Amino acid sequence: MEAGDRQHVVLFPYMAQGHINPFLALAELLRRRRPTLIVTLVSTPLNIQNIKSSPCPPSLSSIRLRSVPFSPAAHGLPPEAETTAAIPFHQIVTLFHASLSLQPAFEQLIEDITQKDGRPPLCIIADYCFAWSVHVARRFGAFHSIFCTSGAYGTTVYSSLWTHLPHRKTNSDEFPLPEFPDTIIHRSQLPKHLLMADGTDPWSDFLQRQISLLSETDAVIINTVEEVEKTGLRMLRKLLPCPIWPVGPVVSSPSSAIAAIAGNDHILKWLDSQPPASVLYVSFGSQNTIAAPQMKELAMGLEASRTRFLWVIRPPVGFDVKGEFKPEWLPEKFEERMRDAGTGVLVHGWAPQLEILSHASTGGFLSHCGWNSVLESLSRGVPIVAWPLSGDQLYNAKMMEEELGVCVEVARGNMESSRADRVVVEKVVKEVMHGGQRGKEIRRRVEEVRGLMKEAWTEGPGSSVKGLSEFFRAAASMRRAGMKM
Ligand code: UDP
């Protein structure tokens, strides 16, 4: 096939690890399943540089990486602020607004591709946070779609809450979503910025604009599985007018997640020496941390549960995320005690999560329930102890506990005032890790969900196989229709 005959797909993830990783995984998937496609992934210079310097599987080496200029300092951000992992949580909304400045450069890039290829890309697949890219696609006559890196239920609830701010219209602690009266949200399930929002604040301004643009996109592909998220998908299809195709789980091969760093051998070696399914992996994702008093409660609960654990730990809320870790944030001599007993390991900074979740010694995941963490855990058969902190995480945890039965929530939120109790941590961790009645039931459900996730990608009948085919059929038919005009 001549280069000129090959269709071009442009991927445009938001600047956050939890978005870049699944887009990279999608790029990998597209190269494997549709090798004739030209796949270009676009991001800001530092992110592209990080991807280039990460160890990549062969299917990723043929992805074209293009950067669009971005100046964090022009928006009052630190110079390295090209992902959410590089900034404290309160600056996340500044990064949202700063990201709007990418539009002219993105448009120029699509223009360059169009000129070089002699036609526009077959499709632009953009992030939920870059829904504005629909205007760029329209200008060039390209099929526009959103790749939703969150689950269907979480995306629907989060979008609906931001659109209507229903908690402002009631004094009650519990209230239904306007479009979905059966879905009851508790005030404690609102992240702080949503609780404070009044429709004119910077969070509302950014998110409400992107959410309303979702209704203009041609299609949504979503990182979930039809058979796993039946309710969530039914809700999302009610919310958005375009076709929605689940294509999940789209999970990176361990080495392709960016920021996978060398020098983690000691972690995997420690896991090698532990009994099967005995270790609880603890992590709050790439951008969230908990408050210092909560860290102490968690540490004491873990110690009292007598469960082996591997905890990825960063400075607490209010401290420099990249700063030095101070022992006073934990119970006295906690780290030494755990190390001497050989029962707990603290990893400061970043851990190879996929490798850890894939390891036979890992038997549970105390997680903030970011959607990638959820998929990575469930697709490897690891049950979840949920401690959701922000965004869609709160609704991912609700759905997993109430609908899928694959997790138990242990705490929520990362403010000092949020409930976090060592006794509850001890009880829940014991229940999930040491085979209590509920723990057994959760493991059974996790195995079922793992099976459904695997089936979604089996050739022929798999729902995600079909979803991806239908998506490309729709893009190609728009291209043909465009050519006839
Ligand atoms: N991750 C990792 N090591 C860490 C923390 C996070 O590899 O120490 C990866 C994790 O495997 C996942 C992503 O970063 O792919 C985090 O995405 P998620 O949606 O779970 O949470 P977010 O960071 O977006 O809140």
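Biologist: How many residues of the shell around the ligand are nonpolar, polar and charged?

Modeller: Seven are nonpolar, 12 polar and one charged. Ala, Val, Leu, Ile, Met, Phe, Trp, Tyr, Cys and Pro count as nonpolar, Asp, Glu, Lys and Arg as charged, and the others, including Gly, as polar. This is a predicted model, where local features need pLDDT of at least 70 and side-chain atom pairs count only at pLDDT 80 or more, while totals for chains, interfaces and linings use all residues. Residues are numbered from 1 along each chain as its sequence is written.

Biologist: What makes a residue part of that shell?

Modeller: Its C-beta atom, placed from the backbone, must lie within 6 Å of the molecule. By that rule 20 residues surround the ligand; G18, G285, S286, G370 and S373 are the closest. Helices α1 (17-33), α14 (353-358) and α15 (371-378) each give two or more residues. α15 gives the most, four. Helices are DSSP runs (H or I, at least four residues), strands are runs of E (at least two), and both are numbered from the N terminus.

Biologist: What is the mean pLDDT of the chain?

Modeller: The mean is 93, and 95% of the residues reach 70 or more. pLDDT is the predictor's confidence in each residue, on a scale from 0 to 100. Over residues 256-260 it is below 50. Beyond near neighbours in sequence, that stretch has 23 contacts in the model (C-beta atoms, placed from the backbone, within 7 Å). The model scores ipTM 0.99 and pTM 0.94.

Biologist: How do you know that β5 and β8 pair?

Modeller: Pairing requires at least two bridges found by DSSP. β5 (residues 143-148) and β8 (residues 219-222) are joined by four, so they pair. They run parallel. F147 stands opposite I221 in β8.

Biologist: Which sheet holds that pair, and in what order do its strands lie?

Modeller: An open sheet of seven parallel strands, ordered β3-β2-β1-β4-β5-β8-β9. β3 (64-67) and β9 (244-246) are its edge strands, each pairing on one side only. Neighbouring strands are turned by 25 degrees against each other on average, direction ignored. Axes here are lines fitted to C-alpha atoms, for helices over the stretch in contact; angles run from 0 to 180 degrees between N-to-C directions. Helix α1 lies across β1, β2, β4 and β5, at about 170 degrees to β2.

Biologist: Why are β12 and β15 called edge strands?

Modeller: They belong to an open, parallel sheet of six strands, β12-β11-β10-β13-β14-β15. β12 (344-348) and β15 (407-409) each have a single partner strand, so one side of each lacks a neighbour in the sheet.

Notes
Two residues are in contact if their C-beta atoms, placed from the backbone, lie within 7 Å.
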